[in-house]
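Good morning, and thank you for joining this meeting. Please turn to the sequence and the structure as I bring them up.

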Amino acid sequence: MRKSLGKQSQEHSKGFTLLELLVVIAIIGVLAGLMFPATTGVMRKAEKTRASNTAYNLKNAISAYFTEYRKYPVKPDREETAELRSDYELMDVLLGSDKEAESGGLNPRRIAFYTGKQAKRGTEGKYMSGITLEDDGGGELWDPWFDYYYVRMDLDYNNRVEKPDWDDSSESTYIPESVLVWSSGKDQDELNDGDNVKTW
């Protein structure tokens with residue numbers, strides 16, 4: 001009889017009690033809670049880095065177009081302070097669409113100045129982080145927050161561009177660059193410039 005009781009107590013001590021399991025679950029919960037803000041911060045930083053890289057790639061594509069054609073990829077009557085977006089008007093030219101290779105088009109040699117990855121589908125016809133490419137070779141470029149990039153160019157060829165109204169980083173009205181590209185960031189409000197991503 002004593003032998004059987006000893007075996008039962010040895011077998012019983014090999015398992016976990018309910019209290020021990022609850023303590024382990026609580027510890028895992030606390031650790032997960034501590035990791036969530038860190039993970040969110042890393043993801044936000046990665047989105048900003050991706051947006052910044054894309055903005056610089058777009059700027060370089062516009063500069064490459066200028067080197068090739070000795071003009072900017074816009075119609076001649078556009079005002080310098082009129083902001084372009086990375087929608088069909090600009091990206092059809094930089095992607096080398098069929099339409100822009102036709103007579104009167106802005107890319108008759110059909111050179112693809114911008115290449116990038118396919119955008120991910122969002123809601124309400126919006127996309128994120130990449131290009132939506134059409135059958136004719138044109139498309140749109142989206143930032144990580146389901147919006148287009150903003151673009152401003154030196155259309156009067158004086159080696160400076162008027163900075164956007166929201167940029168109060170200096171007293172000067174102009175920036176000594178030929179192309180400015182920016183995204184309004186996660187909040188999609190360029191006037192709230194705390195999270196804006198820019199190339200200057």
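In what order do the four strands of the open sheet follow one another? The order is β1-β6-β9-β10, with antiparallel pairing. Here helices (H or I, at least four residues) and strands (E, at least two) are DSSP runs numbered from the N terminus, and two strands pair if DSSP finds at least two bridges between them.

A word on the source. This is a predicted model, in which local features need pLDDT of at least 70 and side-chain atom pairs count only at pLDDT 80 or more, while totals for chains, interfaces and linings use all residues. Residues are numbered from 1 along each chain as its sequence is written, and side-chain values use heavy atoms, with hydrogens and water left out.

To return to the sheet, its edge strands are β1 (84-85) and β10 (197-198), each of which pairs on one side only. Two bridges join β10 to β9 (residues 179-183) in the antiparallel sense; W182 has K198, in β10, as its bridge partner.

I now turn to the interior. A nonpolar core is a set of buried Ala, Val, Leu, Ile, Met, Phe, Trp, Tyr and Cys residues joined through side-chain atoms within 4.5 Å; buried means under 20% relative accessible area, with a 1.4 Å probe and protein chains only. The largest such core has 29 residues, and among those with the most contacts inside it are L58, L94 and Y114. Two or more residues each come from α2 (18-69), α3 (88-95), β6 (150-153) and β9, and α2 gives the largest share, eight residues. A second, separate core of six residues includes Y150, V161, W166 and L180.

Next, the aromatic rings. Rings of Phe, Tyr and Trp (its six-membered ring) pair if their centres lie within 6.5 Å; planes under 30 degrees apart count as stacked, over 60 as edge-to-face and the rest as tilted. By this rule there are 12 aromatic pairs. In one of them, the centres of Y69 and F113 are 6.2 Å apart and the planes stand at 65°, so the pair is edge-to-face. Y69 lies in helix α2 and F113 in the loop between α4 (98-101) and β2 (120-121), so the pair ties together parts 44 residues apart in sequence. Y69 counts as buried at 13% relative accessibility, and F113 is buried at 15%.

Finally, Y150, W166, W182 and W200 form one aromatic cluster.

Key
Buried < 20%, exposed > 50% of the residue type's maximum accessible area, 1.4 Å probe, protein only.
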